[in-house]
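Here is a friendly walk through a two-chain model, written for someone who likes cut-offs stated plainly. Have the viewer open as you read.

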Amino acid sequence: MSILKKALTTAALATVLMATGAHAETKRIALVVKALGIGFFEAAAKGAEEAAKELGDVEIIYTGPTDTTAEGQIEVINSLIAQKVDAIAVSANDTDALVPTLKKAMDRGITVISWDSGVAPDGRLMHLNPSSSALIGNTIVKLAADHLPDGGDVAILSATTTSTNQNVWIEEAKKVLPNYPGINIVATVYGDDLADKSYRETQGLLQTYPDLKAIIAPTSVGIVAAAQAVTDAGKIGSVNVTGLGLPSEMAGHVKSGASKSFAIWNPIDLGYAATMIAYNLSNGTAKAEAGAEIPMGRMGTVKLDDNKEGAMADPFTYDASNIDQFSSIF
Amino acid sequence: MTATTEDQAGQDQAGKTGAGRHIPDRLTSPAARALKSWEMLLFVVAVAIFIANSIASPYFLDPWNLSDASFNFTEKAMIAFAMAMLIIAGEIDLSVASIIALASTVMGLAMTAGAPVWMLVVLGLGTGLVCGAINGALVAGLGLPSIVVTIGTMSLFRGISYIVLGDGAYTGYPEAFGWFGQGYVWWVFSVELALFVIAAIVFGILLHRTNFGRMVYVIGNNATAARFSGVRVERIRFILFLLTGLMSGIAAVCLTSRLGSTRPSIATGFELEVVTMVVLGGVNILGGSGSIPGVVIAALVMGLVTFGLGLLNVPGIVMSIIVGALLIGVIALPRLWAMWRK
């Protein structure tokens, strides 16, 4: 009896020790997004889970504020610091406002990286761009130009005036404009990443510029609203909506012809890569230094520039030929 | 009111000790009334949330974590004190978040021009006062409804920030400026927390212990009667808007210092959170009643709820549902209770 008791106690003790041991080794990586409930970020979370599964000892905390505000994100990050997570990978609502809070996180030993939408260098170890801004800027103009052999008037529907991403891409797009003769950007309007406002701004564009040939919307909310507005105005065929969007949300508009093609990097890959990088930096297997190459699992490696920024991959074009295949994924 | 309460208490005593029929001046004793008060109900809710949080998360009962969490409400609560007085007087100011944006932009402009820290603070508070004066002049001077005026100035003030800044930002505030939003007075007690406590005491005295405070209640209950009684209604309304502007200016200094940067989108949506805090604190949205202690506890409740849920990684969408349900629940509960007892 006593032997049995002893054996049981030992077994129980061993289980407890193993359980706590395993728990202590589990790395908790927080994926902080601009706001919850956005398809793009939900897809990134899927990628992060995929990376966690591959790594085995990682727990993903997928979180973010309700609105795309810096103040909301700071509250979320404060609660992550309180939980003593191992790493924070953030897509920032504001380049500068998050810096003091993220600095505090790093002071307390948390590995901080930014991805998608960056944080100023002081507030993170490194930044992972989904692609290079120059490549994206070029791609969005090329998408419009591909279907306008004779050139024509083009308008841009962006997110908010303070969106870091969109502003850089539009700047890069304007730089490469001379390479596309005949393409003329007549206006840039802001839909604030709100479906109804983007819709109204598009209606405004269609009325103000009757000769408009294409609308470039480098935002997943804006491109859908623009395609809908063009469809409702009966301008399918005369105005092509393109830019950056999600295949699942754009499938209908590609089939109807409102959008001939659009581009996006794969957000699943992005969430996956950000998690891999956060893991490797937190483990000390890689160091975030200028010129360093950090492994990202199946995505290869990312090389950091002097600003400690790196580009993951080229954006990918979606059209009628491949939309069905991807619309079920994200 | 305080004086009469004591008098009545004295008469109660006399009635009890004296012979003959006892006619009570009120049906419940002051102690029982305090127990049944809104503040007590809120306090119980706050304690319950505190205990629930401590059980739910091992990270909750950590002085530094609680100190970090206080930043979730200190700035909004400072405005909420002034807003509470304004709402008690039957007015409202929806432009407070936009005042923060404009004050922050003015500070940013001054900072790039090389102004010293004290000047930044003076300009931040000054901008708040000017904005408050504009609201006050339109409401008290021209007699326009405050909700319409402040919806207008809400767009106006933030609009100016957008014109000045566009998609740019002011960064690189001097190190010393960071003290207001990131500094600590002692141990875990931040500068913002200290300012919150001071503001609570000052507004508590102003509303509950001065003639000015009494007049605010009178105006909220019946502005016409107040005017006929010789209360300078317009003047008091103007001062209340000035105070709200000033508190928004203080919040702007704190928030700008905490973020270390200015963007025109700063403090977006703060106005509704401030009003929520005030209403949760038991202030009648139609004016006439409410208290500063109620607002203090409401601020703590909102801070504890959002931080506690954050620790459990509850998504923000669920969090706003819970805050909304809490607001409706706490407001509806006393009503339902009264109906059920009948």
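## A helix inside chain B

Of the 27 residues of H13(B), 20 are buried, so this helix is largely enclosed by the rest of the structure. Here a residue is buried if 20 or more other C-beta atoms lie within 10 Å of its own, exposed if 12 or fewer, and partly exposed in between, with C-beta atoms placed from the backbone. Helices (H or I, at least four residues) and strands (E, at least two) are DSSP runs, numbered from the N terminus.

This is a predicted model: local features need pLDDT of at least 70, side-chain atom pairs count only at pLDDT 80 or more, and totals for chains, interfaces and linings use all residues. Residues are numbered from 1 along each chain as its sequence is written, while chains are lettered from A and ligands numbered from 1 in the order in which they are written.

Just after H13(B) comes B:Gly260, with a positive phi of about 65°. In chain A, 13 of the 13 residues of H3(A) are buried, so this helix too is largely enclosed by the rest of the structure. H3(A) is followed by A:Lys84, whose phi is positive, near 55°.

Most residues other than glycine have a negative phi. A:Asp192 is not a glycine, yet its phi is positive, about 55°. It sits in the loop between strand E7 (183-190) and helix H7 (195-208) of chain A. A:Asp192 is buried, because 20 other C-beta atoms lie within 10 Å.

In chain B, B:Trp187 has a positive phi of about 50° and is not a glycine either. The loop that holds B:Trp187 runs between strand E2 (184-186) and strand E3 (189-190) of chain B. Is B:Trp187 buried or exposed? B:Trp187 counts as exposed, because it has 9 C-beta neighbours inside 10 Å.

## Chain A and its domains

Chain A has 11 helices and 14 strands, and its C-alpha trace spans about 90 × 40 × 35 Å along the principal axes. Of its 330 residues, 54% count as buried.

The chain is divided into domain 1 (2-130 + 267-313) and domain 2 (133-264), with bounds that come from an automatic or database domain assignment. The C-alpha centres of domain 1 and domain 2 of chain A lie 33 Å apart. Across the boundary, 7 residues of domain 1 of chain A are in contact with 8 residues of domain 2 of chain A; contact requires C-beta atoms, placed from the backbone, within 7 Å. The side of domain 1 that touches domain 2 has 1 nonpolar, 6 polar and no charged residues. In these classes Ala, Val, Leu, Ile, Met, Phe, Trp, Tyr, Cys and Pro count as nonpolar, Asp, Glu, Lys and Arg as charged, and the others, Gly among them, as polar.

## Where the chains meet

The contact takes 32 residues from chain B and 27 residues from chain A. H15(B) gives the most to the chain B side, with 4 residues. By class, that side has 12 nonpolar, 15 polar and 5 charged residues.

## The nonpolar core

A nonpolar core is a set of buried Ala, Val, Leu, Ile, Met, Phe, Trp, Tyr and Cys residues joined through C-beta atoms within 7 Å. The largest one has 201 residues, of which A:Leu31, A:Ile88, A:Ala89, B:Ile100 and B:Val301 touch the most other members. H15(B) gives the most to this core, with 14 residues. Both domains of chain A give residues to the core, so it lies between them. Beyond four places in sequence, the contacts of A:Ile88 include A:Ala30, A:Ile77 and A:Val112.

## How confident is the predictor?

pLDDT is the predictor's confidence in each residue, from 0 to 100. Chain A averages 88, with 92% of the residues scoring at least 70; chain B averages 88, with 90% scoring at least 70. Among the elements of chain A, helix H1 (residues 2-25) has the lowest mean pLDDT (49) and strand E3 (residues 87-90) the highest (96). For the complex, the predictor gives an ipTM of 0.76 and a pTM of 0.75.

How values were computed. Contact = placed C-beta atoms within 7 Å.
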